[in-house]
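Me: I would like to go through the labels attached to this structure and ask what stands behind them.

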Amino acid sequence: MNPQDPLANLHPLREPDLLGWWPMAPGWWLLIVITALCLVMLLAVAVKRYRAKAYRRQAVTQLQVLRETYLADQDASQYIAAANALLKSVALRSYPRREIAASSGEQWLQFLNSSTKNTGEFDAGFVTAAYKKDCPAMDMERLHQSAQTWIKQHKVMQ
């Protein structure tokens with residue numbers, strides 16, 4: 001028998017090198033590519049929606065200019081006629097021409113009130129006042145808010 005311990009002749013264990021993060025495994029590359037594609041698609045959808053709603057932003061700006069003109073001139077009949085024309089042009093942008101172009105009076109009022117989430121926004125006097133020279137007493141602030149709400153929230157058919 002050998003009195004010397006045979007395990008003492010063994011060399012110490014070597015630790016393996018630390019795993020580096022580079023080069024990445026193919027799965028990580030695939031995940032990066034898929035994530036980048038999803039981000040590009042989300043950005044494209046966001047840009048498309050932003051551009052599609054440009055007419056709404058422009059109409060709200062025009063409505064604000066009409067309101068400021070009304071506040072300066074106090075000419076209610078001009079404001080109502082211009083607001084009605086603006087609403088008609090926005091509707092022509094969002095709905096088929098054959099349904100909107102010839103509508104007036106009660107049909108136009110019904111269309112305005114039914115094509116938004118908040119039904120009954122516009123007073124019955126709005127459509128009659130839009131075509132009269134002298135305007136009956138109306139709540140112009142409510143009319144402005146109704147028109148602004150309709151422009152921002154109307155349903156789009158096309």
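Reply: Buried means under 20% relative accessible area, exposed means over 50%, and partly exposed lies in between, with a 1.4 Å probe and protein chains only. The model is predicted, so local features need pLDDT of at least 70 and side-chain atom pairs count only at pLDDT 80 or more, while totals for chains, interfaces and linings use all residues. Residues are numbered from 1 along each chain as its sequence is written, and side-chain values use heavy atoms, with hydrogens and water left out.

Me: Why is Lys53 called partly exposed?
Reply: Its relative accessibility is 46%, which falls between the limits of 20% and 50%, and therefore Lys53 counts as partly exposed. Lys53 is found in the loop between helix 1 (26–52) and helix 2 (54–73), where helices are DSSP runs of H or I with at least four residues, numbered from the N terminus.

Me: What makes the contact of Arg67 and Glu141 a salt bridge?
Reply: The term asks for a side-chain nitrogen of Lys or Arg within 4 Å of a carboxyl oxygen of Asp or Glu, and the N to O distance here is 2.6 Å, so the pair qualifies.

Me: Why is the pair of Tyr95 and Phe111 called edge-to-face?
Reply: Rings of Phe, Tyr and Trp (its six-membered ring) pair if their centres lie within 6.5 Å, and planes under 30 degrees apart count as stacked, over 60 as edge-to-face and the rest as tilted. The centres of Tyr95 and Phe111 are 4.8 Å apart and their planes stand at 85°, so the pair is edge-to-face. Both Tyr95 and Phe111 are buried, and together with Trp108 and Trp150 they form one aromatic cluster.

Me: Why is the pair of Tyr70 and Tyr79 called tilted?
Reply: Their ring centres lie 5.4 Å apart with the planes at 35°, so the pair is tilted. At 15% relative accessibility Tyr70 counts as buried, and at 3% so does Tyr79.

Definitions and conventions:
Helix = DSSP H or I, 4+ residues; strand = E, 2+ residues; numbered from the N terminus.
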